[in-house]
Amino acid sequence: MRSLIVLTTSTGLPRPGTNRDRERSWPARCARLAPLLVICGQLAFSGAAHAANEKTSKPEEATVTVPTAFELQLLYADHTWIWKDGAAYFGKADRPLRAWTSGQDSASVAEGKWLVMNNGKMFMDLAWRSKSYKGKQQRTCYSHRIKGGAIEQRKDPDGEWYGFKRTPEDPSDEYRKFEVGDTKSAQFEETRKLIDSKN
């Protein structure tokens, strides 16, 4: 009679077993897989709970940054800022600044320079004069920040932040009072001549 070949572990092939051996190994396999199945279930449940929390959580605060000096220059250079009773023109080359105000017996003019910084600040260095006084050069500073895609501005040191330039444009934006070019130069010259003739 022919003898059977018995497989060993050195062949790498499983040893054939009886049906009874297979029946005993099935519960053993399940017992070994049970902790793994529990862990996978917990991970799946915690992932679903995390996703649900993300949907119901409040939106995060808008990131606040400051515009660079270059970005500020694009806003101001060769623009006239129209005020209630006057205007200021921000020149390009060497950044000259001219401003004027007019009112009953309160006409005044100013000349100086403007500058911008990488910390979001714009400075106006102006010396105001009128028919009754000649002032020294003074600095006025405005801070700018970008919040939620909109530019906000405030007068330093402790002014309130307000909408300066938004996209899409808002009727209350201060930047709507800016005109391209030196649009009020005639009024500036007229006011300057009036003041100089009284001195």
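Hi everyone. Let me start with one term: in what follows, Ala, Val, Leu, Ile, Met, Phe, Trp, Tyr, Cys and Pro count as nonpolar, Asp, Glu, Lys and Arg as charged, and the others, Gly among them, as polar. Please keep in mind that this is a predicted model.

Which classes of residue make up its lining? There are 6 nonpolar, 2 polar and 3 charged residues. Among them are Tyr-89, Arg-98, Trp-100, Asp-182, Lys-184 and Phe-188. Strands β3 (86–90) and β4 (96–101), along with helix α3 (185–198), each give at least two residues to that lining.

Now for the open side of things. The largest pocket holds about 200 Å³ of space. Its lining includes Trp-81, Trp-83, Trp-128, Tyr-142 and Lys-155. Two or more lining residues come from each of β2 (79–83), β6 (121–130) and β7 (134–147). By class, the pocket lining has 6 nonpolar, 2 polar and 1 charged residues.

Is Ile-146 buried or partly exposed? Buried would need under 20% relative accessible area, and Ile-146 has 21%, so Ile-146 counts as partly exposed. Setting aside residues up to four places away in sequence, Ile-146 touches Thr-63, Val-64, Thr-65, Val-66, Pro-67 and Ile-151. Finally, Arg-166 is 20 residues from Ile-146 in sequence, and their C-alpha atoms are 9.6 Å apart.

Thanks, all!

Notes:
Residues are numbered from 1 along each chain as its sequence is written. This is a predicted model: local features need pLDDT of at least 70, side-chain atom pairs count only at pLDDT 80 or more; totals for chains, interfaces and linings use all residues. Side-chain values use heavy atoms; hydrogens and water are left out. On a 1 Å grid over the protein atoms alone, a cavity is a set of points where a 1.4 Å probe fits but cannot get out, and a pocket is an open set with protein on both sides within 12 Å along at least five of seven lines; lining residues have an atom within 4 Å of a point. Grid points are joined across faces, edges and corners, and a volume is the space filled by probe spheres set on the points. Helices (H or I, at least four residues) and strands (E, at least two) are DSSP runs, numbered from the N terminus. Buried means under 20% relative accessible area, exposed over 50%, partly exposed in between (1.4 Å probe, protein chains only). Contact means heavy atoms within 4.5 Å.
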